[in-house]
Amino acid sequence: MTTPMKASIGHQRSLGSMPSSKGESRARERHEATELRLEYLKDNIRDVIDIAEPGNESIRQQAQHHAEAVSLLLSRLLPKDAESEAHAIINKSLGDQDEHAMTSVLVEKAAGFRQWIHHMDEAGGSSRASTALERIMYPSIMALFEFVTGCIWRLSAGAGAGADNAQPLRRILPFRNADRNPKYSEDRSRIDLGLTCEALDGNDMFQRDDASDDIEMPMRLDKPSYRRLFAIVEAKGGATSKDQAAAFDQLIQYSKNAYAVQHNRRFVWGITVCGAVAKVCAFGPNFMLASTAMDLTSEGGRSELIRLIACWSFCELDKLGYDPSVRFSREHGCIEIDVALAGNGDMESMQTFYSRDVITVAERMFGRHTRCFIAHKDPESAAKRASDPENGIIIKDAWPEATE
């Protein structure tokens, strides 16, 4: 499938401004990330996760119900003596048959998370930072996301669709390959873990193939891609303030690539896990919010992260950080942009334009993320990829400062 524009992330930089070596480039990027953190970070904000809550009250309650059920189930599975009874505990909690094919998968994921949690619990919630320890953390963090997402779908399938049973709109899943340089990156930077949203409600957040309709076997996820990436998870073996600052800096340094290739991005989510302490981050155009610490060795800390995953599964597109007025059309192979046009009096009318040419991308983490599209009134004209502005109109994206 052809996709519109492959604008270079660094296309606006002059050759004369480029550093003389890769080492200098990385040092400069690390320094810039630190400066941005010092300027924009607001840490220990209690209600960061609330940003993701669904706007509809009944759907919000449904997400909360799922989160509470999954949190309680996971706490019952974590004791060492619970392993032999794991199948029975899961089937009883999720209200399904003993033969359910997904049960064995959930048992495996719970065991993967349990092993790491017991290690961190015995270490008092922190360990000496090391690359080797970080790599041990990766599969356990992935197992947590897979377990929670699997449980949400089991609960939803058991409840069935109905007026009082809102169904999740997407699955939040990790890419299987950790510590990788994502596709569509213009450098060699390696992210620890990437999360993606497998949308099942017809809304195209990413330029990719159809999602799987099989609840038991989600789409195959291998190497992360910035085009499909929803959020980055940065892990550190240590839990010192220095480790936390480094994790924040890496989120800032890497997450900006999502803005450059996802042209419907309004804000970006991120997660840090330092030792056993997780923090959720939301990046606006003029601030970076970080949540209070969530100790994953405690039920209270885990329940907050599980609540976030549940909210992401049920919430509207704008709560995920995407602009519903800018979307990718698989049917036409181009970007659709809804624009408010002046009408009679004070009334505005909406018109949809089509674009395959992005002449300016958003390549920074903060500030005015000005994107410019060459657009047309019909998809056939856009398909011709006419780069001459005289053959279309210029649409300039607006980025007002966000409010907390």
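**Helix α3 and its end**

In this predicted model, helix α3, which spans residues 86-94, has A86, I89, I90, N91 and L94 as its buried residues. The residue that follows α3 is G95, and its phi is positive, near 65 degrees.

**Packing of α2 against α7**

- Two packed helices are described by the angle between their axes and the distance between the axes.
- For helix α2 (residues 57-77) and helix α7 (residues 299-314), the axes come within 8 Å and cross at roughly 140 degrees.
- The crossing in which α2 passes α7 is right-handed.
- On the α2 side, the contact is made by I59, Q62, A63, Q64, H66, A67, V70, S71, L72, L74 and S75, while α7 contributes E299, R302, S303, I306, R307, A310, C311 and F314.

**The protein as a whole**

- The protein contains nine helices and 13 strands, and 52% of its 404 residues are buried.
- Of the contacts in the protein with a separation of 6 or more, 68% are accounted for by residues 24 or more positions apart.
- The accessible surface of the protein comes to about 18400 Å², and 48% of this surface belongs to carbon and sulfur atoms.

Terms used
Residues numbered from 1 in each chain as written. Predicted model: local features only at pLDDT ≥ 70, side-chain atom pairs only at ≥ 80, totals over all residues. Heavy atoms only, no water. Helix = DSSP H or I, 4+ residues; strand = E, 2+ residues; numbered from the N terminus. Buried < 20%, exposed > 50% of the residue type's maximum accessible area, 1.4 Å probe, protein only. Contact = heavy atoms within 4.5 Å. Areas by Shrake-Rupley, 256 points an atom, 1.4 Å probe, with all protein chains shown as cover. Axes fitted to C-alpha atoms, helices over the stretch in contact; angles between N-to-C directions. Left-handed = near helix turned anticlockwise from the far one by under 90°.
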